[in-house]
Amino acid sequence: MNAGDRVRVDRADQRYEGVLLPSSTDDHLVVKLDGGYNVGIDRDQATVDVLESDVYDVESAQDEESSSEIEFDEDLPTVSLISTGGTIASTVDYRTGAVTAQFDAEDVLRAVPDLAGMANYRGRVVANILSENMTPAVWRDLAEAIRDEIEAGADGVVVMHGTDTMQFTASAMAFMLDTPVPIVFTGSQRSADRPSSDNVMNAVSAVEAATSDCAEVLVCMHESESDDRCALHRGTRVRKNHTSRRDAFETVGAEPLGVVDYDTDGDNAVSFRREYVERGANELALHDDLATDVELVKFTPGMDTALLSAAAEGSDGLVIEGTGLGHVNTDWISVIDGLDIPVVMTSQCLEGRVCDRVYDTGRDLLEAGVVEGEDMLPGTAKVKLMWALENSDDVADTMGEPLAGEIQQRSTPWL
């Protein structure tokens with residue numbers, strides 16, 4: 001049997017049918033199943049029958065994968081593709097049958113050939129990490145890289161990022177950068193070896209958004225489970241609300257800022273539903289100082305005040321995710337009153353705004369020095385507090401002032 005043969009593999013009480021792929025070791029078989037997934041099987045534990053020979057030309061596929069060419073077209077905009085990791089630019093490695101992340105511009109075009117002809121591309125790698133390993137230090141590196149790309153003439157920037165912490169990084173860029181061009185984050189909920197992968201549509205839509213007139217930090221992901229439209233979320237108002245659905249991201253408290261109608265023939269259309277910062281309205285500027293010792297604490301009933309004290313010890317600031325309008329157990333109030341760091345109150349509720357003037361607990365919290373976080377998302381409030389501590393003379397005033405769309409003027413029904 002050879003790579004490219006259609007095989008049936010029996011192991012114990014399991015049977016697999018698919019195309020045999022090359023493997024990096026002699027000890028394992030790698031089979032691409034009809035559903036699109038790859039499976040690795042110990043060769044010694046398997047019985048293999050060849051059902052059909054040479055049904056797939058793996059060598060030609062490898063040759064096609066290994067060649068790409070980026071041509072510069074003066075009539076096209078230039079988009080910088082910056083990677084921090086994640087699966088958006090992943091592709092199948094035919095040596096192993098596994099999915100591997102590829103990150104330079106040529107690799108991205110091989111993984112998503114639909115991008116060809118949409119723009120001129122420059123590729124840059126800032127990090128190659130899982131998004132749960134993202135740190136403020138990488139945020140600074142990313143902000144500097146984006147600044148450098150815009151200074152070098154990029155008409156827009158697409159940041160490829162793992163989805164789990166994308167909302168935090170997008171918020172950080174919104175505060176750290178004054179941008180004259182779009183900065184669009186995108187990712188993939190499902191890897192390239194899956195037939196339901198969202199990497200192509202998300203990447204194409206992100207490039208469309210990066211060449212639009214909206215000079216803000218956006219998150220571009222599927223609007224629904226269908227492959228017809230991507231939503232453009234403001235980076236400071238977006239939240240990942242599902243672990244695995246392709247339409248996991250939602251704008252909290254409003255509709256998405258805009259959409260990209262996706263067409264497989266390349267006739268994509270970008271439209272916006274609300275006001276936005278227009279291209280060229282801001283001068284490029286970088287404000288990348290961050291206070292890294294800021295904690296986010298979620299209050300739950302019966303939570304020991306010792307946990308609050310431990311979170312505050314050695315911290316530069318604290319964000320509390322309180323209940324309802326922004327409340328915690330009354331035992332916490334005296335502890336908060338004794339802290340000499342800024343404490344910002346947000347709500348665990350997905351909709352609405354903090355108001356600590358309604359109940360006695362809230363009024364006592366205000367007297368203890370708590371800063372109301374308005375309707376900011378707790379994660380966004382943490383990022384903003386990190387930024388405000390290093391870039392503002394009055395942290396409390398800055399936390400209550402909308403800087404990048406993180407605070408809506410009022411909470412009203414939007415459906």
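Before I start on helix pairs, a note to myself: an axis here is a line fitted to C-alpha atoms, for helices over the stretch in contact, and angles run from 0 to 180 degrees between N-to-C directions. I also jot down that this is a predicted model.

**Entry 1: H6 and H7**

H6 and H7 pack with their axes 10 Å apart, at an angle of about 25 degrees. Angles under 35 degrees count as roughly parallel, so I write H6 and H7 down as roughly parallel to each other. I checked the handedness too, and their crossing is right-handed.

Who makes the contact? On the H6 side I found Thr305, Leu308 and Ser309, and on the H7 side Asp331, Trp332, Val335 and Ile336. Sorted by class, the contact of H6 with H7 has 4 nonpolar, 2 polar and 1 charged residues.

**Entry 2: H7 again, now with H8**

I stayed on H7 and turned to helix H8, which covers residues 360-367. The axes of H7 and H8 come within 9 Å and cross at roughly 10 degrees. That makes H7 roughly parallel to H8. From H7, the contact uses Thr330, Ile333, Ile336 and Asp337. From H8, I listed Thr361, Asp364, Leu365 and Glu367. The classes in the contact of H7 with H8 come out as 3 nonpolar, 2 polar and 3 charged.

**Entry 3: H3 and H4**

Next I moved to helix H3 (residues 136-151) and helix H4 (residues 166-176). Are these two roughly parallel or oblique? Their axes come within 10 Å and cross at roughly 55 degrees. H3 and H4 are therefore oblique to each other. The crossing of H3 and H4 is right-handed.

For the contact, I wrote down Trp139, Arg140, Leu142, Ala143 and Ile146 in H3. They meet Phe168, Thr169, Ala172, Met173 and Met176 in H4. I sorted the residues of this H3 and H4 contact into 8 nonpolar, 1 polar and 1 charged.

**Entry 4: aromatic pairs**

How many aromatic pairs does the structure hold? I get 3 aromatic pairs. I took notes on two of them.

One is Phe272 with Tyr276, a tilted pair with 4.6 Å centre to centre and 45 degrees between the planes. Phe272 counts as partly exposed, at 22% relative accessibility. Tyr276 counts as partly exposed too, at 27% relative accessibility.

My other pair is Phe299 with Trp332. Their ring centres are 5.1 Å apart and the planes sit at 85 degrees, so this pair is edge-to-face. The pair links distant parts of the chain, 33 residues apart. Phe299 is in the loop between strand E20 (294-298) and helix H6 (305-312), while Trp332 is in helix H7 (residues 330-337). Buried or exposed? Both Phe299 and Trp332 are buried.

I found two exceptions to write down.

Ala12 is not a glycine, yet its phi is positive, about 55 degrees. Ala12 is in the loop between strand E1 (6-11) and strand E2 (14-21). At 78% relative accessibility, Ala12 counts as exposed.

Glu374 also has a positive phi of about 55 degrees, and Glu374 is not a glycine either. I placed Glu374 in the loop between strand E23 (371-372) and helix H9 (378-391). Its relative accessible area is 22%, so Glu374 is partly exposed. Leaving out residues up to four places away in sequence, Glu374 touches Arg353, Val354 and Ile407.

**Entry 5: stepping back**

Last, I looked up totals for the whole protein. The secondary structure comes to 10 helices and 23 strands. Of the 415 residues, 49% count as buried. I also checked contacts with a separation of 6 or more: residues 24 or more positions apart account for 67% of those.

Conventions: Residues are numbered from 1 along each chain as its sequence is written. This is a predicted model: local features need pLDDT of at least 70, side-chain atom pairs count only at pLDDT 80 or more; totals for chains, interfaces and linings use all residues. Side-chain values use heavy atoms; hydrogens and water are left out. Helices (H or I, at least four residues) and strands (E, at least two) are DSSP runs, numbered from the N terminus. Angles under 35 degrees count as roughly parallel, over 145 as roughly antiparallel, 65 to 115 as roughly perpendicular and the rest as oblique. A crossing is left-handed if the near helix is turned anticlockwise from the far one by less than a right angle, and right-handed if clockwise. Contact means heavy atoms within 4.5 Å. Ala, Val, Leu, Ile, Met, Phe, Trp, Tyr, Cys and Pro count as nonpolar, Asp, Glu, Lys and Arg as charged, and the others, Gly among them, as polar. Rings of Phe, Tyr and Trp (its six-membered ring) pair if their centres lie within 6.5 Å; planes under 30 degrees apart count as stacked, over 60 as edge-to-face and the rest as tilted. Buried means under 20% relative accessible area, exposed over 50%, partly exposed in between (1.4 Å probe, protein chains only).
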